[in-house]
Amino acid sequence: MIEFLLVFCCALLLGVLSGLLPGIGGFAIMVASYPFLIHLDPVNIIIFYITLVSIDQFFGGITSIVFGIPGFAASAPTIYEGHELFLKGRGSDAIIYSAFASYFASIFSVILIFLFLPYMWVLYKMWNTNVQAIILLFASTALVLFSRNNILISILLFIVGNFLAHVGWDEFNNSEFYTFGFVYLYSGIPLFPLLIMLFVLPNLVNSYISYGSSKINFIPFYFESYFTYIKNMKQYFGTLVRSSLLGSFGGLVPGLTYGMSTLLAYSIERYYQIKKKVYTKGNMSCLIAAEGSNNAGALTQLIPLLFLGIPITGSEALIYNILETRGMPVSIEWFQSTFSLVIFTFILSATIGVFIAGKYINFLKFLNGMSLVKVYIFLGFLLFIMIGYTGYVNFSLEKYLIISFLLLPIGLLLYRFDTMPLIYGFVLHDLIYQTFIRINAFYF
Amino acid sequence: MIKKLFATSAFSLFSFAALAETDTILFSKPGGLDDRLLTIIEESLGTNFGNRITVENCAAAAQYLSNTDKPTVSLWGPAFQFSENGSSNPCALPDEQFIGFFAAAPFHICYKEGNKQAANINYLRTGDVTIGAWSNKYALTPLTSLIATLNPNAKVIPYKSSKNYRPALQAGEIDYTVPTSVKDGEKCLATLGETSVDNLPTVSSMIDHPFSILTYSYTIVGANVDNPDTFVSSVHASEEWINRKDQTYTSFLSDLSRAEQLDWQTSINENIAEKIAEIN
């Protein structure tokens with residue numbers, strides 16, 4: 001019990017840290033915690049992971065909204081919509097609605113799991129390569145169609161993203177792709193510097209042009225306001241159900257997980273808003289869709305591990321390896337036995353997350369009245385340090401810095417465009433490529 | 001038992017006694033199989049272990065090994081030495097840096113537990129089956145060639161890793177997978193090992209094919225190592241190796257000399273290159 005509490009508290013703190021600091025995702029924390037994790041009771045390793053992932057979702061969203069910088073790749077829609085809301089003086093609303101959306105989606109995914117548990121096999125059989133290809137095609141098309149760019153530019157950006165992601169050593173063809181003989185490029189271009197330079201930077205420049213001379217208007221948050229927000233959430237009910245459902249199902253798919261379902265939920269919501277002719281950048285429904293689907297997927301991505309004994313994410317594979325190293329019986333029966341505790345921990349951490357998020361808003365009061373330029377200059381330094389740090393922990397500091405400097409002028413030139421198609425082209429490339437290879441093997 | 005442990009410990013101590021500190025290189029994420037096997041090597045070195053150097057990929061590791069003047073070893077594999085049509089592999093090392101084969105595990109042909117149709121060997125040999133395998137060309141080419149002989153109706157479906165083909169097996173998208181380690185919920189039908197494992201029949205007893213014996217193997221490579229000829233046997237004699245918890249990977253080709261092992265690696269890589277040339 002003491003170990004459980006200690007692990008839970010550590011995971012809460014580390015989850016806050018990984019959410020707040022750009023570039024440090026849940027997997028990076030899991031890897032950094034590896035020397036400690038191997039000594040824990042096996043159940044507590046899973047508890048550590050689920051708490052970390054749940055809290056990371058809450059705080060990653062806050063960083064994206066307030067500072068316009070990402071916790072991870074799936075934050076791109078949150079940055080796009082949330083930071084705009086922040087600049088329009090609706091920062092508190094954006095954070096609290098996101099937190100409630102995350103909480104709702106967490107509970108929704110728990111209920112969904114309980115309802116569908118007897119049919120899990122039937123459901124799981126749906127996730128074959130064909131279905132994955134259709135979802136990928138649908139999500140990519142939606143992304144390109146509903147971007148604010150001209151369609152041709154969006155397609156071009158999507159292709160460029162795919163091209164950049166293919167750089168490196170291609171195992172399938174046993175050949176290199178545009179590495180120019182640089183050893184560090186054999187493992188490809190890292191996502192983080194690319195995300196910062198080609199998505200965050202153009203967005204911040206764009207925001208600076210629109211809001212540069214203004215000062216930050218951050219309305220403090222009071223505990224009593226929780227009830228008002230809960231009442232107001234009713235208007236987003238349809239969005240919440242749609243995004244939670246997509247997030248929950250997306251989380252089940254190996255290789256897709258919640259990054260993909262976030263894009264899907266966001267694109268569909270954006271389509272609805274455009275259709276209703278109410279869409280402008282900084283749309284609350286779109287933000288809620290992105291944040292809700294994230295959290296729903298965070299739990300359901302554990303289902304293949306808990307009920308089939310199959311790790312489908314890097315962090316889950318790490319847990320699996322730890323158990324194997326220690327000679328633990330990594331059986332489906334054992335994983336299933338942890339289910340109740342996992343659900344309890346997930347709900348507990350989500351509840352704590354929603355309250356800490358409210359508290360954190362008041363901590364951000366110091367931003368009130370501050371000039372946007374000062375904040376962006378500070379962010380520039382912070383991002384530079386974080387790129388260096390993530391490069392250092394990934395054993396390729398030079399690569400991260402060189403790539404950042406090379407992409408910097410391109411990012412500045414792209415400030416007029418919505419570069420989300422490029423980022424998702426990059427993020428989805430592996431899935432698209434692998435799915436294409438499998439479709440080819442199945443049918444040709 | 002105590003005598004055996006004492007003897008192996010004494011042998012290990014003796015073997016490494018005169019060595020300078022040896023560094024190791026890891027080029028994959030912590031916590032994986034590479035990390036676990038490398039840890040065994042490090043622990044077997046005892047006080048002669050220097051530092052672990054972590055680099056980003058095998059090409060960076062190869063570059064490090066070429067430039068260092070300290071005794072340094074790394075886990076490697078025949079795939080890193082493989083090239084086709086005269087193209088260069090960025091991870092390939094000169095032969096003198098080959099120290100020996102360290103560990104290997106045979107691939108098995110496995111199905112989802114409870115799938116009665118797939119449990120029948122005749123279905124594997126004659127049915128319209130789909131077999132999920134690792135999409136690495138080096139591993140996929142010999143396997144595809146082997147499966148074509150085993151069952152001309154079979155299709156090999158490439159997946160990026162076990163994180164992808166294992167769920168596909170459970171979802172029923174494929175009938176079989178070809179892993180080295182068997183997980184809960186999976187049963188195996190045949191092994192690609194040289195000899196029977198857990199009473200599984202060997203594929204080599206069913207068909208005559210140059211790749212009917214297929215293993216995933218690790219070698220050790222290094223620079224400035226004082227005793228390359230006995231390095232691997234010293235690790236194998238250590239308590240850390242003997243008492244390891246996961247026994248999936250066992251010593252491999254240990255009865256061959258270092259030169260013979262190198263020849264074996266060259267020959268298997270040439271066979272795969274030939275097969276790829278044939279397909280092209």
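Which residue in E3(B) is the bridge partner of B:Thr24? In E3(B), that partner is B:Val73. Let us see where this pair sits and then walk through the rest of the structure.

This is a predicted model, in which local features need pLDDT of at least 70 and side-chain atom pairs count only at pLDDT 80 or more, while totals for chains, interfaces and linings use all residues. Residues are numbered from 1 along each chain as its sequence is written, and chains are lettered from A and ligands numbered from 1 in the order in which they are written.

**The sheet of chain B**

Helices (H or I, at least four residues) and strands (E, at least two) are DSSP runs, numbered from the N terminus. Strands of a sheet pair through backbone hydrogen bonds, either parallel or antiparallel. Here, two strands pair if DSSP finds at least two bridges between them. Strand E1 (residues 22–26) of chain B and strand E3 (residues 72–76) of chain B run parallel and are joined by 3 bridges. They belong to an open sheet of 5 strands with mixed pairing, in the order E2-E1-E3-E10-E4 (chain B). Strand E2 (49–54) and strand E4 (98–106) of chain B stand at the edges with a single partner strand each, so one side of each is left without a neighbour in the sheet. From one strand to the next, the twist averages 25°. H3(B) packs on this sheet, touching E1, E2, E3 and strand E10 (215–223) of chain B, and its direction makes about 155° with that of E3(B).

**Two domains in chain B**

Domain bounds come from an automatic or database domain assignment. For chain B, that assignment gives domain 1 (2–105 + 216–279) and domain 2 (108–205). Taken over C-alpha atoms, the centres of domain 1 and domain 2 of chain B are separated by 28 Å. Their contact takes 8 residues from domain 1 of chain B and 7 residues from domain 2 of chain B; two residues are in contact if their C-beta atoms, placed from the backbone, lie within 7 Å.

**Where the chains meet**

Chain B gives 36 residues to the contact between the chains, and chain A gives 43 residues. On the side of chain B that touches chain A, the elements that give two or more residues are helix H3 (58–67), helix H5 (137–150), strand E7 (155–159) and helix H6 (162–171) of chain B. The largest share of that side, 6 residues, comes from H6(B).

Two packed helices are described by the angle between their axes and the distance between the axes. Axes are lines fitted to C-alpha atoms, for helices over the stretch in contact, and angles run from 0 to 180 degrees between N-to-C directions.

| Helix pair | Angle | Axes |
|---|---|---|
| H7(A) and H20(A) | about 150° | 10 Å apart |
| H7(A) and H8(A) | roughly 130° | come within 8 Å |

H7(A) and H20(A) are therefore roughly antiparallel to each other, whereas H7(A) is oblique to H8(A). Angles under 35 degrees count as roughly parallel, over 145 as roughly antiparallel, 65 to 115 as roughly perpendicular and the rest as oblique.

Which residues of H7(A) meet H8(A)? A:Ser140, A:Val144 and A:Leu145 do, and their partners in H8(A) are A:Ile151, A:Ser154, A:Ile155 and A:Phe158. Among the residues of H7(A) that meet H20(A) are A:Ser140 and A:Val144.
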